[in-house]
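Visitor: Please show me the model, and then let me ask about it piece by piece.

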Amino acid sequence: MEKKVAELLTKWLDSGVINKETYQEIVKFEENSEPNQKSKVARAITLIGGLFLLSGLLGTIPLLWMNLAYWAQLALLVATTYFLFYAASYSEKFEDGKFFIFKSTERVSSFLFLVSNISFGASVTFTLNILQETRIIDISEDVSYVFVSLFVLLYAAYLFQRTKLIFQHAALFYCLCFFLGAVGNLIFPNIEPWAGGLFLIATGSVWGVNTYSTLLKPSWLGYFLSTTTISIGTIILIEDLLGNDEIISILILIIGSVVYVWASIQLSEQVIFFIGGLGLVINLPRLITEILPDNVWPPLILFLVGGVLVVVGLYLNSIRENLKANK
Amino acid sequence: MKKQNFPLFLSLAIFLVTTIIVAVFGVVPFPDYGILTKDIPLKGKLIYHVEIQSENLIPPAPDIMDECILSIDLSSNEFSEEKVICGSDLYDLSYDIYFYDAQINEDKNILLRYWDESTGDEMGLIVDRDSGRVLDKINQPNYPRQQNNMNVYGEKLIDPWETSDYNSRVIGVYYVNRTETIEVFNSRAPARYYFESLHWSPDGNHIVGLDSENNLIIFSKNKKFSPVEIKFSKLNLEIFDDEERIVVRLLGWTD
């Protein structure tokens, strides 16, 4: 048992907060639930060995890479992917606690699964390259992107289904974007920039809808990915179609930011509020510089930015109050 | 069950509607060109600057592996590319050859500027446009830049940046005579498509341009034929799998 917990228990027993029986039950429970000293040492050795193995692998691969045959490079990538997947699965079984730079062992396994996802993508790319080089298959570069992105997306979906952790959520989103981009590039090779922006808006909206339906968790990450993608798409679309009408472009972005602020209140989601607030802080000064003479705008910008920040603070407080009330 | 599936159906509907909008309004095809054949009698040589670039994606990318001046004889039976000179041929002289400043001089040979390490000064090379032989080395090659936009009739080509409306996806080639602006070509094109390096033919009846897709396009001033693209029967420069061939600039059309 941890020294701190033992001291607290003794303190509570002495002051009569808990009786002797409860004290003994807690001590017994803690002793049984805690891993014994031997298993602690074994796990520590395994972890340290794993870290050495990983860093040695990462250090050695770049040195050896160019001297290896294609099949050896592929074998190395597959082995690395499997090792990362195994390490992530193994670390899933650890009891929760702080580890290295990670807040919890859950984050460790999530991070390892993410790296295995990248490694898996590299393995698929290499496999396709080898098949192309050996003339077993003959596909264009655009088609190969579709295949790679599809396999990586499937793997990311499996990992997300398995863990539901934040890195897998983010990986699933970006793998979906990669896949849609690859398919879009194949079907519409001469796509106009605004159409690319529209696709981004659609992808962000789909992510938002599925976050709202609680299919995607945590909700803050789902809404963050959704709102940032919609914002980027809107900027691309507006810049391409309304590039000459600066004031209208800025007004649309301000209206969009206000909609975000409103949505954040409705959904009690701070991250949407931050994105909306950022949009207002950026676009209100832009609007002022467009419509007012030069010497007026510096104090007015300060006034408006200050106003926006005050509103942000007040709204954040109201969201917190809402959350408290809901609890 | 129905409520559970609603987000999925809504997602599919969003993608479907977006795809339809993009398919109908968001895709502008490249202008349609014919292929140059021997039926169109053209004379002279096109001289252009090509870069061989590596395809590595890791910054700083791409690396320029070599630069060359190439030519194509429009009056020959086949449109095969001929090498005039490459940077790698001149490594004995200098590694700093300014191919971007290359120009055709009054004698219709090629002037290449370079940095001469021995003198610590900019020098010039006169290169024979047919054989690629260095004819002369000159100090202070301060020749005026050629104005290729005027033909033998005094008609002036308008810079395509001035006449093309990229926002409305329209691209054009125009020239002006003494009284009016005359359209040679006008077409819808993707926003990222553009012409550069427009040049008159020596007889002043044709225009050649390099487009953003690395194609050399020939226009008839009087619209005697539709614009045609040059398809090389044979490329002179051999490149490796991980290299790319980029036509950087058209130097001119010599007789």
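Guide: A crossing is left-handed if the near helix is turned anticlockwise from the far one by less than a right angle, right-handed if clockwise. This is a predicted model, where local features need pLDDT of at least 70 and side-chain atom pairs 80 or more, while totals for chains, interfaces and linings use all residues. Residues are numbered from 1 along each chain as written, with chains lettered from A and ligands numbered from 1 in written order.

Visitor: Is the crossing of helix 4 and helix 5 of chain A left-handed or right-handed?

Guide: The axes of these helices (DSSP H or I runs of at least four residues; strands are E runs of at least two, both numbered from the N terminus) come within 8 Å and cross at roughly 160°. The two are therefore roughly antiparallel (over 145 degrees) to each other. Their crossing is left-handed.

Visitor: Which residues touch the most other members of the largest nonpolar core?

Guide: Helices 4 to 11 of chain A each supply at least two residues of this core. Its members are buried (20 or more other C-beta atoms within 10 Å) nonpolar residues, joined through C-beta atoms within 7 Å. Of its 49 residues, those touching the most others are V152(A), A156(A), A171(A), C175(A) and L198(A).

Visitor: What is the bridge partner of G34(B) in strand 15 of chain B?

Guide: Chain B has an open, mixed sheet of 5 strands in the order 1-15-14-13-12, with strand 1 (34-35) and strand 12 (195-200) at the edges. Strands 1 and 15 (228-229) of chain B pair (at least two bridges by DSSP) in the parallel sense over 2 bridges. In strand 15 of chain B, the partner of G34(B) is V228(B).

Definitions and conventions
A residue is buried if 20 or more other C-beta atoms lie within 10 Å of its own, exposed if 12 or fewer, and partly exposed in between; C-beta atoms are placed from the backbone. Axes are lines fitted to C-alpha atoms, for helices over the stretch in contact, and angles run from 0 to 180 degrees between N-to-C directions. Angles under 35 degrees count as roughly parallel, over 145 as roughly antiparallel, 65 to 115 as roughly perpendicular and the rest as oblique.
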